[in-house]
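Here is a short briefing to keep beside you as you look over the model. Take a moment with the sequence and the structure before reading on.

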Amino acid sequence: MIEDANSLLHHADFSSERLDHLQENTLGLIHIEQNRITRLLTLAWVFFLPAILIAVLYGGSVTHSPKSVARYGYGVALGILFLLWFLIYRLCKRKKIL
């Protein structure tokens, strides 16, 4: 009877250790997935920040928008936006973030 109790106790300890190990592995995988999602959202925010900045600067005032002030103002604003996107992309590639 004592041997059976010791055997059950040993099996319970083994099962508890195995469950702890599985829980740590699962939490590690969840942590890796959350880091990947956070990295993706951060990159999206960095890429769209110049567009948001231009929209904020020119969107509030129609009279001072690049379209109404200069003949090629709209194209220049889009050119600056694409240039910023390209520079951010190159920087991310160089730093091996993408």
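Helices here are DSSP runs of H or I with at least four residues, numbered from the N terminus. Please keep in mind that this is a predicted model.

**Charges and helix α1**

- Helix α1 covers residues 2-59, and E24 has its place there.
- On the surface, a patch of negative charge brings together D13, E17, D20 and E24.
- Is E24 buried or exposed? With a relative accessibility of 59%, E24 falls in the exposed class, because that class begins over 50%.
- Side chains of opposite charge can pair when their charged atoms come close.
- Searching the whole structure turns up one salt bridge.
- The partners are E33 and R36, whose closest N and O atoms are 2.6 Å apart.

- A pair of aromatic rings is described by the distance of the centres and the angle of the planes.
- How many aromatic pairs does a search of the whole structure find? The search gives one.
- In that pair, the ring centres of F82 and W85 are 5.4 Å apart and the planes meet at 65°, so the arrangement is edge-to-face. The reasoning is that planes over 60 degrees apart count as edge-to-face, for rings with centres within 6.5 Å.
- Where do F82 and W85 lie? Both belong to helix α3, which spans residues 73-94, and they are three residues apart, about one turn of the helix.
- F82 has 49% relative accessibility and therefore counts as partly exposed.
- W85 is also partly exposed, at a relative accessible area of 25%.

- Which residues make the nonpolar surface patch? Y72, V76, I80, L83, L84, F86 and L87 do, and the patch has an area of about 690 Å².
- One of these residues, L84, is found in helix α3.
- L84 has a relative accessibility of 34%, so L84 is classed as partly exposed.

Conventions:
Residues are numbered from 1 along each chain as its sequence is written. This is a predicted model: local features need pLDDT of at least 70, side-chain atom pairs count only at pLDDT 80 or more; totals for chains, interfaces and linings use all residues. Side-chain values use heavy atoms; hydrogens and water are left out. Rings of Phe, Tyr and Trp (its six-membered ring) pair if their centres lie within 6.5 Å; planes under 30 degrees apart count as stacked, over 60 as edge-to-face and the rest as tilted. Helices (H or I, at least four residues) and strands (E, at least two) are DSSP runs, numbered from the N terminus. Buried means under 20% relative accessible area, exposed over 50%, partly exposed in between (1.4 Å probe, protein chains only). Patches are made of residues with over 30% relative accessible area and no salt bridge: like charges are joined within 9 Å, nonpolar side chains (Val, Leu, Ile, Met, Phe, Trp, Tyr) within 5 Å. Accessible areas come from the Shrake-Rupley method with a 1.4 Å probe; for residues, only the protein chains shown count as cover. A salt bridge is a side-chain nitrogen of Lys or Arg within 4 Å of a carboxyl oxygen of Asp or Glu. Lys and Arg count as positive and Asp and Glu as negative; His and the chain ends are not counted. The place of a charge is taken as NZ of Lys, CZ of Arg, CG of Asp or CD of Glu.
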